[in-house]
Amino acid sequence: MDIRFLGGAREVGRSALLVDDRLLLDYGAKPTTPPAWPLECDPEAVVVSHGHLDHVGGVPALLSGRDPPPVHWTPPTHEFTRLLARDTLKLHGGTPRCPFAENEVRRLGEVSVEHGYREPFAAAGYEVTFYDAGHIPGSAHVLVEDDDGDRLLYTGDFHTDAQRLVDRSTARPDADIVVCESTYSDVDHAPRERVEERFAEAVRGTTLQGGTVVVPAFAIGRTQEVLLVCNANDIDCYVDGMGVEVLDALVNYPEFVRDADALRGARTNARTVTGRDGQRRRIADTNTVVVTTSGMLTGGPAMTYVPAIADSPTNLVAFSGYQVEGTPGRDLLETGSATLDGRRPPVAARREFFDLSAHADHDGLRAFLSAYEDARVLVNHGDRCVAFAEELRADGFDATAPERGERVEL
Ligand SMILES: [Zn+2]
């Protein structure tokens, strides 16, 4: 078996991994401006770990040929990919920034092959099995076994602690090689209850003082998690952007969420924004909370809300997730200033980060990898992959952090 890292190596974004030049695992976008894509390839089959842009955003670009490859995924991942592809078309369609068009997006349904967890299937001559990764609904660890019995485990994104939306990853299938994400390899998450308490206090404090809270949140997973947190803490809120469609889609997949009743409750608690007749500007002037895309301020209704509340320190931008380097969200959080929709408004509003992460932290990654001390570990999907691989080597692991374009023989 050999593995080629087409993207997501020593970076977060555009994850793509090619096994023996035949089987492609993920094909994502990097949400920079303009978006960046993995190296090109022509696989026999595609397997997708989960429905986030940095893992599936480029999949339609693989479907332009006469004989497009089958794409294997869980039902929610299929659904999320369609939403993301339509969104990408809306933002970048018809420009050189977008490597696919309407026709390829339409083909997603034709090439789709859906699988549940722990149901082995064949793809490009391998046996592949999904295990619940505890990251977002439908997210999977991907186990790939070849004819010689060599077993590759691609973790995808995963969490070792339960969230309100999904339960934690518990499966640790045997593997000879593990490609492990490392987003939070230098972070210890505060206990989730404490983060939620801080969030609830900050939100109540802000609205009591007459301020508005904008919570930028990824459409898929994080928006629903924040709405669940709001409902559990009796916080009324608005929800805007693609997260609404995702919320409605999830109603069809109760077996892929932790508590379908709680999700329905959160759905009822959140008022949906239509965006008509200046509704967003009115909300921005109200003592309330609005949960909105995009999570890293690269577009979406957040482009209306954040500039609208930027001028007053009474208001709060409450970041709810990881901010990729080079995104406006990261700039705003770190420097207090960012280019939003081509303008650079002065920002007096407060900014806070709430670690409602869907990724394992340092201890979670180490706990996961403790099941793989005899395996070869390839670290990817992080800002400090090299340092984490070094740490693992110092503790006796056979670990490295391949670069983009690198081919690793096993
Ligand atoms: Zn993810």
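Visitor: Which residues touch the most other members of the largest nonpolar core?
Guide: Keeping in mind that this is a predicted model, the largest nonpolar core has 126 residues, and those touching the most other members are Leu17, Leu23, Cys237, Val289, Val306 and Val377.

Visitor: And where does this core lie relative to the domains?
Guide: The core lies between domain 1 (2-186 + 358-409) and domain 2 (192-353), because both of them give residues to it.

Visitor: Take Val306, then: what is it in contact with, leaving aside neighbours within four places in sequence?
Guide: With those neighbours set aside, the contacts of Val306 are Val214, Leu297, Val317 and Leu340.

Visitor: Switching to helices, how do the axes of α5 and α7 cross?
Guide: The axis of α5 (residues 222-232) comes within 8 Å of that of α7 (residues 260-269), and the two cross at roughly 80°, which means that α5 is roughly perpendicular to α7.

Visitor: Which residues make that contact?
Guide: On the α5 side they are Gln224, Leu227, Leu228, Cys230 and Asn231, while α7 brings Ala262, Leu263, Gly265, Ala266 and Asn269. Sorted by class, the contact of α5 with α7 has 6 nonpolar and 4 polar residues, with no charged ones.

Visitor: How many residues of α5 are buried?
Guide: In α5, 10 of the 11 residues are buried, so the helix is largely enclosed by the rest of the structure. The buried residues of α5 include Arg222 and Glu225 as well as Val226 and Val229.

Visitor: What happens to the backbone just after α5?
Guide: Just after α5, Asp234 takes a positive phi of about 55°, although Asp234 is not a glycine. Asp234 sits in the loop between α5 and β13 (237-240).

Visitor: Is Asp234 buried or exposed?
Guide: Asp234 is exposed, because 9 other C-beta atoms lie within 10 Å and the cut-off for exposed is 12 or fewer.

Visitor: What about Arg118, what is its phi?
Guide: Arg118, which is not a glycine either, has a positive phi of about 60°, and its place is in the loop between β6 (112-114) and β7 (121-123). With 13 C-beta neighbours inside 10 Å, Arg118 counts as partly exposed.

Visitor: Last one: which peptide bond is cis?
Guide: The bond from Thr293 to Ser294 is cis, its omega being near 0°, and Ser294 lies in the loop between β15 (289-292) and α9 (302-309).

Note on methods:
Residues numbered from 1 in each chain as written. Predicted model: local features only at pLDDT ≥ 70, side-chain atom pairs only at ≥ 80, totals over all residues. Core = buried A, V, L, I, M, F, W, Y, C linked by C-beta atoms within 7 Å. Buried ≥ 20, exposed ≤ 12 C-beta atoms within 10 Å, placed from the backbone. Domains from an automatic or database assignment. Contact = placed C-beta atoms within 7 Å. Axes fitted to C-alpha atoms, helices over the stretch in contact; angles between N-to-C directions. Helix = DSSP H or I, 4+ residues; strand = E, 2+ residues; numbered from the N terminus. Parallel < 35°, antiparallel > 145°, perpendicular 65-115°, else oblique. Nonpolar A, V, L, I, M, F, W, Y, C, P; charged D, E, K, R; others polar.
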